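Keep the viewer open while you read.

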Amino acid sequence: MGGSMRSVTPGGSTPGKGFDKLPGMTARSLSHSIGLLTLLLPASVWLPAAQDARQARPTPKVGEFHVLKADLHMHTVFSDGEVWPTTRVQEAWREDLDVISISDHDDYHPFEKDVSADLARPFAIASPMAQGLGILLVPGVEITKGDIHFNALFVKEFNAFRGKELQAALAEAKRQGAFSFWNHPGWRGTAQWWPPIATAYSDKLFQGIEIVNGDSYYAEAHPWIGQYNLTIISNSDIHRPSLKAEERSLTLLFVRDKSLEGVREALDSGRTAAWQQKRLIGSEALLSSLFRAYVQTPAQIQPAAGTRTAALQLRNTSALHFDLKAVEAPKWMTVSPAQAGPLSTVLLTVRLAKDAPTTRQRVTVRLEVSNALAGPAIPLVVPIEFEYIP
Ligand SMILES: [Zn+2]
Ligand SMILES: [Zn+2]
């Protein structure tokens, strides 16, 4: 969705999908018609202010998969967050997210004197706006038992977890057909595979782990992804208003279908990656296909006439960052490091030795993507191939 806003006459309907379903308007038509529109629109529909704009953060398709940006853990005043549920949807729209889950605590309601503790309410309140703006809203709850927290997604009865012990609450989530993941495993110190976690795991009560929560990355928990075949999850766990899209930790979901069913299928299949500011975490296979889809490399390079220097031009078509360093190249070639920022083209300088070949060559350079982890402390390495023309 481009986020362009068309002017409509008051009461006129704009056909289309997603955001286009809502009346878009210019500041002028807004000021002329606000009175009439407030009568015509349900209270939950968000009228964008003139300065509201959606910040495009493209994550193009990777092979057959759409890459959706998801934040599956956030709070509102219905537990200990500081915003109303619809604000979470507006923020998600501005930051170009595709999927969110509002996951208020089941057993922690510091604002209960002022706000209902009914956990079905945040979803019900946010749902019409999410639908209108084309954002997938996953029904969720944060199962909060002492220092161990899990998010249960795709829940059906939001209030069924309250007052239960951890294992009973997780069993209830399973009964409801939820997808559950262990939240912020290292927030109270180094994470360990504690006995309640081991029990929950052997009872098949959870399927994912929040390896990234806000600014934290739990390196000690990273090996469990492979060891226990868990889905990688990364979220903001935001409590306050979101002010900077770039600081929000997200999960990238590789979905076949842009729908809640598609989201669920990707989670169940472990087709996810963590996106924490510049850091990416995922399987070697997913990250390398993501790199190949997002970073275009030249078919050939040729030194400028009379020089031994050529430019290797890489074009990043996504909102992701790629910090690149050549770790393997022919002996007669050195390649400078570079950082490919969002939607930018970078030049890696290629210097050729005096004994560089004088005939055309097929060349493979292995690039380390230093900010992408394909495993615990294992940076992603991708080969790129091009033709060298002397
Ligand atoms: Zn928590
Ligand atoms: Zn939380």
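Call a residue buried if 20 or more other C-beta atoms lie within 10 Å of its own, exposed if 12 or fewer, and partly exposed in between, with C-beta atoms placed from the backbone. On that count, 40% of the 390 residues of the chain are buried. Before going further, some bookkeeping: this is a predicted model, where local features need pLDDT of at least 70, side-chain atom pairs count only at pLDDT 80 or more, and totals for chains, interfaces and linings use all residues. Residues are numbered from 1 along each chain as its sequence is written, while chains are lettered from A and ligands numbered from 1 in the order in which they are written.

The chain has eight helices and 21 strands, taken as DSSP runs numbered from the N terminus (H or I, at least four residues, for helices; E, at least two, for strands). Two residues are in contact if their C-beta atoms, placed from the backbone, lie within 7 Å. Among contacts between residues at least 6 apart in sequence, 65% join residues at least 24 apart.

**Strand pairing**

Strands of a sheet pair through backbone hydrogen bonds, either parallel or antiparallel. Here, two strands pair if DSSP finds at least two bridges between them.

| Pair | Sense | Bridges | A bridge partner pair |
|---|---|---|---|
| β12 (residues 279-281) and β20 | parallel | two | Leu-280 and Ala-372 |
| β16 (residues 322-328) and β20 | antiparallel | four | Ala-326 and Leu-367 |
| β17 and β19 (residues 345-352) | antiparallel | three | Val-335 and Val-350 |

β20 and β21 form a hairpin with two residues between them. In that turn, Ala-377 has a positive phi of about 55°.

There's also an open sheet of four strands, with antiparallel pairing in the order β13-β15-β19-β17. Its edge strands, β13 (295-296) and β17 (333-335), each pair on one side only.

**Helix α7**

Which residues of helix α7 (residues 260-268) are buried? They are Val-263, Ala-266 and Leu-267. These cover an arc of only 100° around the axis, so they sit on the same side of α7; the arc is that of the directions from the helix axis to the C-beta atoms. The face turned away from this buried side carries the exposed residues Glu-261 and Asp-268. After α7 comes Gly-270, with a positive phi near 70°.

**The core**

Now for the nonpolar core, meaning a set of buried Ala, Val, Leu, Ile, Met, Phe, Trp, Tyr and Cys residues joined through C-beta atoms within 7 Å. The largest one has 96 residues, of which Ile-135 and Ala-273 touch the most other members. This core draws at least three residues from each of domain 2 (66-277) and domain 3 (290-388), with bounds from an automatic or database domain assignment. Leaving out residues up to four places away in sequence, Ala-273 touches Leu-280, Ile-281 and Leu-290, among others. Leu-280 is also the bridge partner of Ala-372 in β20.

**An exposed loop residue**

Finally, is Asp-114 buried or exposed? Asp-114 counts as exposed because there are 7 C-beta neighbours inside 10 Å. Asp-114 is in the loop between β2 (99-100) and α3 (121-133). The C-alpha atoms of Asp-114 and Phe-78 are 9.5 Å apart, although 36 residues separate the two along the chain.
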